[in-house]
Amino acid sequence: MAQEQSLFSEVVSLQPKSDGEILFPAVLHPNPKVPKLVQLTEAIKANKEWIDSLLYQTGAILFRGFPVFTASDFSDVVESSGYDDFPYEEAGTGSRTKISGRVYTANESPPEQKIGFHHELSYANEFPLKLFFFCKVEPGSGGETCIVQSHVIYDKMKQKHPKFVADLEEKGLTYMRVLGKESDLSSPAGRGWMDIFKTDDKSVAEERANKTGNKLEWMGENVKLIIGPKPGFRYDEGRQRKIWFNNVAILYGGTTDKLNNDPTKEVVFGDGEVLPSYEVNELLKMLDDECVALQWQKGDVLLLDNLAVLHSRWPLLAPPRRILASLCK
């Protein structure tokens with residue numbers, strides 16, 4: 001522990017914890033006893049194995065108080081982690097803008113909208129394993145990023161609603177989303193099909209969708225993207241536990257737009273049956289009850305294990321707010 005403690009202060013939490021309880025998230029500050037300004041890139045490189053172990057234990061690490069000011073600084077932090085880049089452009093339906101290199105904006109939908117709990121790209125064949133977020137401009141009020149341990153949600157839902165969980169395990173989930181030709185920046189998941197499939201040719205779009213096992217049903221210039229059936233859960237091999245790895249909560253948690261405003265038609269069981277409303281509402285309440293709401297401070301860097309943690313965005317009550325993101329394999 002001596003090496004990491006020479007650059008990091010003691011690991012703490014954002015909230016009081018009982019003895020033996022896992023810190024979530026784990027919070028690391030620069031060690032005030034070090035007689036020089038501690039660079040986060042230097043601290044990460046010097047303690048990579050320890051940080052990976054801490055992330056494995058907690059699922060989330062908040063680096064706070066380090067001199068990270070710009071997108072370029074953030075990019076350097078991401079590079080210092082040693083994690084490979086995960087390209088976003090070909091997978092996600094949320095609108096993001098590449099700032100430089102591996103740095104993107106976080107979801108660009110209107111900040112007063114809520115984005116429900118989700119694992120990044122849980123519906124895709126390939127998904128990132130690590131996520132970095134950086135607070136360039138802290139929120140005036142609201143706009144918290146909320147995080148919750150996915151295995152806790154799985155375990156509690158299985159205990160409370162065993163039939164619902166058994167049905168999800170047996171049937172899986174099918175996702176259906178109507179995509180416009182052009183992107184809709186007022187939507188949390190509003191990328192148009194031309195942007196997603198990088199073509200204005202419908203036949204080429206179909207071919208590219210089919211390569212990933214997805215289907216397209218044309219509706220004039222719009223198209224319904226059909227994904228699945230997909231598993232309702234994943235098994236975290238490293239930690240040997242099941243996780244609540246699906247898009248139910250984000251679709252039922254307010255992710256609507258002018259083309260998609262009925263979650264009962266956007267995610268169904270793999271056999272086409274509508275999800276039970278009571279159990280879904282119980283899920284949404286459980287996520288809110290179990291989560292930690294991170295109130296961003298300028299310069300914060302948050303590292304999440306995408307297999308361990310669900311995240312969401314609460315509505316911004318008073319601007320400004322600017323959060324950048326980077327996805328890693």
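Predicted model: local features only at pLDDT ≥ 70, side-chain atom pairs only at ≥ 80, totals over all residues.

Let's look at helix H5, which covers residues 150-160. Its buried residues are Ser-150, His-151, Val-152, Ile-153, Tyr-154 and Met-157. What do these buried residues pack against? Their neighbours are strand S8, helix H6 (162-171), strand S13 (241-243), helix H10 and strand S17.

Let's take the helix neighbour H10 next. H10 spans residues 277-290, and its axis comes within 11 Å of the axis of H5, with the two crossing at roughly 140°. That angle makes H5 oblique to H10, since only angles over 145 degrees would count as roughly antiparallel. As for handedness, the crossing of H5 and H10 is right-handed.

Which residues meet where H5 and H10 touch? From H5 come Val-152, Ile-153, Lys-156, Met-157 and Lys-160, and from H10 come Glu-279, Glu-282, Leu-283, Met-286, Leu-287 and Glu-290. Sorted by class, this contact of H5 with H10 holds 6 nonpolar and 5 charged residues, with no polar ones. Val-152, Ile-153 and Met-157 take part in this contact and are also among the buried residues of H5.

Now for the strands. H5 lies across S8 and S17 (309-313), and its direction is at about 60° to S8. Both strands belong to an open sheet of 4 strands, ordered S5-S17-S8-S15 with antiparallel pairing. The edges of the sheet are strand S5 (115-118) and strand S15 (292-294); each has a single partner strand, so one side of each is left without a neighbour in the sheet. From one strand to the next, the twist averages 20°.

How is S8 joined to S15? S8, residues 145-149, runs antiparallel to S15, and 3 bridges join the two. In general, the strands of a sheet pair through backbone hydrogen bonds, in either a parallel or an antiparallel way.

To put the picture together, H5 crosses H10 in a right-handed way, lies across S8 and S17, and has buried residues that also pack against H6 and S13.

Key:
Residues numbered from 1 in each chain as written. Heavy atoms only, no water. Axes fitted to C-alpha atoms, helices over the stretch in contact; angles between N-to-C directions. Parallel < 35°, antiparallel > 145°, perpendicular 65-115°, else oblique. Left-handed = near helix turned anticlockwise from the far one by under 90°. Contact = heavy atoms within 4.5 Å. Nonpolar A, V, L, I, M, F, W, Y, C, P; charged D, E, K, R; others polar. Pairing = 2+ DSSP bridges. Buried < 20%, exposed > 50% of the residue type's maximum accessible area, 1.4 Å probe, protein only.
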